[in-house]
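Q: Can we go through this model together? I'd like to take the helix packing, then the voids, then the backbone.

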Amino acid sequence: MTAKGEGHTWLIVALYAVAMAWVEAAVVYYLRSLIDRIEPYQPYPLPVAGGFGEAELIREIATLVMLFTVGWLAGATWRSRLGYSVVAFGIWDIFYYVFLRVLTGRPRSLADWDILFLVPVPWWGPVWAPVSIALLMILSGTHLTRIERSGAVIASDWKFLAAGGAGAGLALFVFMADAIRTMDKGTEALRMLLPVRFNWPLFCLALVLMALPLAEVARQEIRARRQVES
């Protein structure tokens, strides 16, 4: 595929992700209005409301399937498919908060707390945290698709890949840490959970680890370009 064709593909994936972000924000707006939780960070943030809980869990999984499906369809190789998938996820996540702000007036700032996900337990964190990961995903995914387009040979170093995986796992732990500590108290305790402190040092470490594979690929690209020019 030509560079122009790849650019068009990226834009189509981005457009899909933005549209999905509006759908996500609208659905969350409807649900939070029904349970009177436009602002999720308040006492009893996840009240029991009919079958909404089960439906929301499945909807979240379905949303992920849709985002990764568009990445699979857009790419021609495993690398480009992964790249487009993470680009779609990152754009979707950022625009979800943009549209949620338009619809509800919240989050009022990037420091506001939000329920990020419900599978397998509630994830909590300031909006800054998922947005920073989303930005990293857009950069990494775009880089992957660009490498595929250029045909450059980039070696995959397992140490950097392992560091990135460890960083992702650490970030997930930070988001779910309060819920994990509450699990033995039962479902009702999880529904009433309201975290008060986010582990920023541990999250920043996770973010650095997740950025290492991208940094290593960029280093290899720069070295390869210099060798060609010399």
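Q: What should I know about the model and numbering?
A: This is a predicted model, in which local features need pLDDT of at least 70 and side-chain atom pairs count only at pLDDT 80 or more, while totals for chains, interfaces and linings use all residues. Residues are numbered from 1 along each chain as its sequence is written, and side-chain values use heavy atoms, with hydrogens and water left out.

Q: OK, at what angle do α2 and α3 cross?
A: The axes of α2 (residues 52-74) and α3 (residues 78-104) cross at roughly 140 degrees and come within 7 Å. Helices (H or I, at least four residues) and strands (E, at least two) are DSSP runs, numbered from the N terminus. Axes are lines fitted to C-alpha atoms, for helices over the stretch in contact, with angles from 0 to 180 degrees between N-to-C directions.

Q: What does that make α2 relative to α3?
A: Oblique, because of that angle. Under 35 degrees counts as roughly parallel, over 145 as roughly antiparallel, 65 to 115 as roughly perpendicular and the rest as oblique.

Q: Which residues make the contact?
A: From α2, they include Leu 64, Leu 67, Phe 68 and Trp 72, and from α3, Tyr 84, Phe 89 and Trp 92 are among them. Contact means heavy atoms within 4.5 Å. By class, the contact residues are 10 nonpolar, three polar and one charged. Ala, Val, Leu, Ile, Met, Phe, Trp, Tyr, Cys and Pro count as nonpolar, Asp, Glu, Lys and Arg as charged, and the others, Gly among them, as polar.

Q: How many cavities of 30 Å³ or more?
A: One. The largest cavity has about 50 Å³ of space, and its lining has five nonpolar, no polar and five charged residues. Arg 106 and Pro 107 are among the lining residues.

Q: Is the bond from Arg 106 to Pro 107 cis or trans?
A: Cis, with omega near 5 degrees. Pro 107 is in the loop between α3 and β1 (113-117).

How values were computed
1 Å grid on protein atoms, 1.4 Å probe; cavity = no way out; pocket = protein on both sides within 12 Å on 5 of 7 lines; lining within 4 Å. Points joined across faces, edges and corners; volume = space filled by probe spheres on them.
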